[in-house]
Amino acid sequence: MDLEQFYEKAEKNKADNKQFLSKLKKKNPRKLDEHFHDLHDEVFEEIDCLTCANCCKTTSPVFKQKDIEAISKRLKMKPSAFINKYLHIDSDSDYVLNTAPCAFLDHENYCMIYEDRPTACREYPHTDRKKMFQLLDLTQKNTLVCPAVLEIIERLKKIEIK
């Protein structure tokens, strides 16, 4: 995975992708979901997240209380100690990581807390969710982080969605 090349392509296509995704809000939501889900499956057959892990290296998931409790238990820490060591509250009043890359990402791009990873990590990059029309702004942002999302959007542009 060549992240330099990805960043160049993502930045080059940023305005076009934003405009394209904005237009998708007017399309049939069921058809939109269908196309997203098909392309999600297709692209993730070709792209291995372990060769990239850019999401873990550059962004933080939101940690919900149940995430904090599960990870704390796994690490044999009290939730308050986990929060003090790894998290802070962001401008949206959500718990997020203090640092990037993620403290739980190892040198081979494996997640050391994978079984108990936050819900936001489990659902990322959100391209297989229902009601994709509600997530198009987030999807646009994710084209700048995730090579798979960028590829999904590039392929989606070649499909006529009614």
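At what angle do the axes of helix α5 (residues 65-74) and helix α6 (residues 79-86) cross? The two axes cross at roughly 95° and come within 9 Å. This is a predicted model, in which local features need pLDDT of at least 70, side-chain atom pairs count only at pLDDT 80 or more, and totals for chains, interfaces and linings use all residues. Residues are numbered from 1 along each chain as its sequence is written, and side-chain values use heavy atoms, with hydrogens and water left out.

- Axes are lines fitted to C-alpha atoms, for helices over the stretch in contact, and angles run from 0 to 180 degrees between N-to-C directions.
- Helices (H or I, at least four residues) and strands (E, at least two) are DSSP runs, numbered from the N terminus.
- On the α5 side, I68, E69, I71 and S72 meet P79, F82 and I83 of α6, where contact means heavy atoms within 4.5 Å.
- The contact of α5 with α6 consists of five nonpolar residues, one polar and one charged (Ala, Val, Leu, Ile, Met, Phe, Trp, Tyr, Cys and Pro count as nonpolar, Asp, Glu, Lys and Arg as charged, and the others, Gly among them, as polar).

**Helix packing: α3 and α9**

- The axes of α3 and α9 come within 9 Å and cross at roughly 130°, and the two helices are therefore oblique to each other.
- The crossing of α3 with α9 is right-handed (left-handed if the near helix is turned anticlockwise from the far one by less than a right angle, right-handed if clockwise).
- From α3, the residues H35, F36, L39, H40, E42, V43, F44 and E46 meet A148, E151, I152, I153, R155 and L156 of α9.
- Eight nonpolar, two polar and four charged residues make up the contact of α3 with α9.

**Largest pocket**

- A pocket is defined on a 1 Å grid over the protein atoms alone, as an open set of points where a 1.4 Å probe fits, with protein on both sides within 12 Å along at least five of seven lines; lining residues have an atom within 4 Å of a point.
- The volume of the largest pocket is about 1,200 Å³, a volume being the space filled by probe spheres set on the points, with grid points joined across faces, edges and corners.
- Its lining has 45 residues, and C55, C56, C121, R122 and Y124 lie nearest the centre.
- Two or more lining residues come from each of α3 (29-46), α4 (54-58), α7 (119-123), α8 (136-142) and α9 (147-156).
- α7 gives the largest share of this lining, five residues.
- The lining of the largest pocket divides into 28 nonpolar, eight polar and nine charged residues.

**Second largest pocket**

- The second largest pocket has a volume of about 170 Å³.
- M1, D2, Q5, F6, K9, I47, P147, L150, E151 and E154 line the second largest pocket.

**Backbone geometry**

- The A100 to P101 peptide bond is cis, with omega near 0°, and P101 lies in the loop between β2 (95-97) and α7.
- Y124 and P125 are joined by a cis peptide bond with omega about 10°; P125 is in the loop between α7 and α8.
- A53, a residue other than glycine, has a positive phi near 55° and sits in the loop between α3 and α4.

Terms used: Angles under 35 degrees count as roughly parallel, over 145 as roughly antiparallel, 65 to 115 as roughly perpendicular and the rest as oblique.
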